[in-house]
Structures are given as C-alpha cells and as structure tokens.
Amino acid sequence: MNPATQLADGIATLGLSITESNQARLLQYLALIQKWNRVHNLTAVREPEAMLALHVLDSLAVLPHIGGSRIADVGSGAGLPGIPVALARPEWRVVLVESNHKKAAFLQQARIELGLENVEVIGERMEGVRSNAGFNTVISRAFSDLADFVKLAGHLCARGEEQGTDCGRLVAMKGVYPHEELAQLPETFIVDNILSLTIPGLRAKRHLVVLKRAGQ
Ligand SMILES: C[S@@+](CC[C@H](N)C(=O)[O-])C[C@H]1O[C@@H](n2cnc3c(N)ncnc32)[C@H](O)[C@@H]1O
C-alpha cells in the first residue's frame with residue numbers, strides 16, 4: 001500500500017478528520033525523519049510502513065482523548081507524539097521538550113521545514129523547565145515511569161482555578177497495562193482514566209494513562 005493511502009485509511013479507522021494538506025505534511029514529516037535518520041539516530045524504526053503505524057498513527061490515536069489548546073510533549077525525541085498532534089490540530093499550541101541536542105536540532109529544523117507556527121521547541125532537560133503556561137495536556141511516550149513523569153512534569157499541568165475551568169491532565173502513552181507503575185504513583189496525582197487503544201497496522205497493546213491532580 002502506498003504511504004498516502006495507508007495514512008488516509010489509518011486516519012479513517014481512527015475516526016479522525018485531518019485535511020488533505022495536513023496529511024501531506026504528515027508524510028513530509030516522515031520523509032524528514034528518514035532523511036535525518038541516515039546521519040543521526042533519531043529512531044530505530046526505519047521501514048516506512050512500520051514508521052507510519054508505529055510513529056504517526058500511534059501519535060494521532062491520542063487525539064480524541066486529549067484536550068487542547070495548550071499541549072506539552074515531554075521527552076519528544078523526533079517529535080512524537082507532539083509533531084503529528086501539531087500537524088493534525090494547527091489551532092493548538094504545542095511545546096516540545098527534548099534534552100538531546102541532536103534531536104532538539106532536528107525538531108527545530110522540522111518546525112521550520114514544515115512551517116509549524118504552532119510549535120515551540122525547548123532543548124533542555126525537563127528538570128530545568130519552569131513554565132507558567134498552564135498546559136491543558138502534558139503528554140509523553142517512552143519517556144519515564146509514571147512516578148518520574150509526575151515528579152518531572154506535573155508542575156506544567158494547568159490548575160483548575162487558573163483556568164476557571166478544568167485542570168490539566170498528564171497523559172502517558174504506554175504499551176501493556178502498567179500495573180506496577182500505577183502502584184507507585186505519588187499521592188499528588190490520581191488516575192482520571194485508563195484507555196485501551198487500537199492502532200491501525202499494529203498488533204501490540206497500547207494504553208493511555210490519564211492523570212489529574214489529587215483534589216481537583
Ligand atoms: C525513548 S525516547 C522517546 C522519544 C519519543 N517520545 C518517542 O516516543 O519516540 C525518550 C526521549 O526523552 C528524552 N529525555 C530523557 N530524559 C529527559 C529529560 N529529563 N528532559 C527532557 N528530555 C529527556 C531523551 O533524550 C529521548 O529523546
């Protein structure tokens with residue numbers, strides 16, 4: 001199957017609506033990862049069809065379950081899930097935090113080449129990031145266990161009273177159901193929801209763990 005068809009079919013299976021021009025930019029993003037992968041080791045997955053499912057569709061699958069309009073992607077690597085999210089939802093503002101210099105340089109380049117005006121790249125360790133932005137969603141994939149995610153990134157979540165509406169959520173993209181990590185969760189955050197996701201073209205299990213501040 002050609003990549004454009006695989007992407008369009010995957011998007012339809014996920015029940016999403018993404019414009020044709022943004023689908024073309026998603027393919028452009030994949031091509032950019034492939035180009036940079038020849039020199040920098042951005043991702044171990046190199047086969048285009050697998051990349052599309054494992055990276056792009058896996059990232060897009062979170063869209064119905066996260067709230068905009070301010071999103072932070074922590075430990076973004078090559079921009080996953082942040083760049084597909086930013087491409088699919090241009091009206092959201094997406095901040096990518098990535099400590100590795102080469103990966104952060106790739107993210108800056110992708111931002112320029114893809115014309116991602118809604119993306120900001122912070123090339124620093126999370127430990128040094130102090131933001132008052134009050135994000136609606138702070139998301140990560142393959143970044144850390146849940147306890148460290150709360151410890152390192154919990155402060156970025158919007159507080160309910162700041163927004164006058166709902167508080168922000170920490171959203172962790174996981175493979176198998178993370179029983180042990182959930183048992184180690186600090187008291188400051190509680191489980192809001194745990195969703196089982198099916199990704200088109202992937203057999204592996206996926207779970208989305210949604211956390212919110214205790215008492216909100
Ligand atoms: C396993 S990779 C996952 C990348 C991407 N989220 C994905 O799913 O493909 C984890 C990334 O987190 C970054 N990272 C690790 N510790 C970090 C920290 N304390 N602050 C910011 N980035 C960090 C690493 O440089 C790496 O790119």
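1. Leaving aside neighbours within four places in sequence, which residues is Gln6 in contact with? They are Met1, Glu49, Leu52, Ala53 and Leu57. Contact means heavy atoms within 4.5 Å.

2. This is a predicted model: local features need pLDDT of at least 70, side-chain atom pairs count only at pLDDT 80 or more, and totals for chains, interfaces and linings use all residues. Residues are numbered from 1 along each chain as its sequence is written, and side-chain values use heavy atoms, with hydrogens and water left out.

3. Gln6 sits in helix α1, residues 3-13. Gln6 is buried, at a relative accessible area of 14%. Buried means under 20% relative accessible area, exposed over 50%, partly exposed in between (1.4 Å probe, protein chains only).

4. Eight helices and seven strands make up the secondary structure count. Both are DSSP runs, numbered from the N terminus: helices are H or I of at least four residues, strands E of at least two.

5. The C-alpha trace spans about 50 × 30 × 30 Å along its principal axes. Of the 216 residues, 52% count as buried. Take contacts between residues at least 6 apart in sequence: 67% of these join residues at least 24 apart.

6. The protein exposes about 10,200 Å², and carbon and sulfur atoms supply 49% of that area. Accessible areas come from the Shrake-Rupley method with a 1.4 Å probe; for residues, only the protein chains shown count as cover.
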